[in-house]
Structure formats: C-alpha cells, structure tokens
Amino acid sequence: MLKEFKEFAMKGNLIDIAVGFVMGAAFKEVVTAFTGGIVSPLIGLIFDSDFKALRYKLKEGVLNDAGEMAGEVYLEYGTFLTNVIDFIIVAFVMFMVVKGVNKMKKKEEPAPEAPAGPSQEDLLAEIRDLLKK
C-alpha cells in the first residue's frame with residue numbers, strides 16, 4: 001500500500017497541481033497587495049474616502065458606560081467590492097496564462113484522408129458483372 005501511495009504521489013499531474021496551488025496562493029497575495037495598495041486608494045479617491053471603509057449602517061448602536069458606541073451593525077460593501085476586484089484580476093490573469101499555454105502547444109496536424117477507393121456504384125457494378133459470369 002505504501003508503494004502504491006508513493007506511485008500516486010509522484011505522478012506528474014499531482015506534482016503539477018501542487019506547484020500550481022502554491023503559486024496561486026502566492027499570486028493571490030500579490031493581487032491583494034495590488035488592490036489594497038493601488039486600486040482601492042484610487043477608487044477611494046473617487047468616493048472621497050477609504051475604499052475598504054465604505055459601509056452602510058444597518059442598525060444604530062447605543063452608548064455604553066465607557067462612552068463607546070456598542071451594537072452597531074454595518075454592511076461592509078467596500079470590502080466585498082475589493083474582493084470582487086481581486087477575483088476579476090486573478091480570473092483575467094489565469095485566462096491569459098491558459099491562452100498563452102494553448103498558443104504554445106503544437107497544433108495537431110490533421111490526419112491524412114483515407115485513399116479514395118471505388119464508389120458504391122462501382123462496387124455494385126463489379127458485383128453485378130461477377131454474378132453474370
């Protein structure tokens with residue numbers, strides 16, 4: 001069983017998937033830094049606020065004994081939009097990678113056509129002639 005597991009784990013496809021997974025996780029960090037450090041501030045400039053801080057208050061809070069607001073509930077749509085932008089960037093890059101890999105693959109040459117033989121009519125005529133004999 002150990003030998004069989006070793007053969008399974010060392011298959012090329014499984015190792016390729018593992019490498020792709022690790023690279024994808026690292027790429028996500030790059031995209032998150034890009035959207036958090038470049039895209040969000042530019043979009044926040046349009047809204048005149050921090051993009052991740054965009055939120056809608058659903059419930060008012062109450063002032064507690066310490067003088068702080070407690071119990072407020074917010075719909076944080078800025079964080080959601082940032083994650084949507086992250087997804088779009090990752091999806092676009094993956095599309096470009098797959099497109100590039102497909103372009104680099106050799107195009108398969110079409111199989112040669114079968115040699116043209118006698119038509120059905122020719123075969124029937126030959127059978128007819130053989131039967132006449």
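Biologist: Which residues are linked in a network of salt bridges?

Modeller: This is a predicted model, and a search of the whole structure finds three salt bridges. Glutamate 60 pairs with lysine 57, their closest N and O atoms being 3.6 Å apart, and lysine 57 also pairs with glutamate 72, where the closest N and O atoms are 3.3 Å apart. Lysine 57 takes part in both pairs, and the linked residues are Lys57, Glu60 and Glu72.

Biologist: How many residues apart in sequence are the parts that lysine 57 and glutamate 72 tie together?

Modeller: Side chains of opposite charge can pair when their charged atoms come close. Lysine 57 forms a salt bridge with glutamate 72. Because lysine 57 lies in strand 1 and glutamate 72 in the loop between strand 3 and strand 4, the pair joins parts of the chain whose separation in sequence is 15 residues.

Biologist: Is aspartate 86 buried or exposed?

Modeller: Aspartate 86 has its place in helix 3, and it touches Val31, Thr32 and Thr35, leaving aside residues up to four places away in sequence. Its relative accessible area is 10%, and a residue counts as buried when that value is under 20%, so aspartate 86 is buried.

Technical notes. Residues numbered from 1 in each chain as written. Predicted model: local features only at pLDDT ≥ 70, side-chain atom pairs only at ≥ 80, totals over all residues. Heavy atoms only, no water. Helix = DSSP H or I, 4+ residues; strand = E, 2+ residues; numbered from the N terminus. Buried < 20%, exposed > 50% of the residue type's maximum accessible area, 1.4 Å probe, protein only. Contact = heavy atoms within 4.5 Å. Salt bridge = Lys/Arg side-chain N within 4 Å of Asp/Glu carboxyl O.
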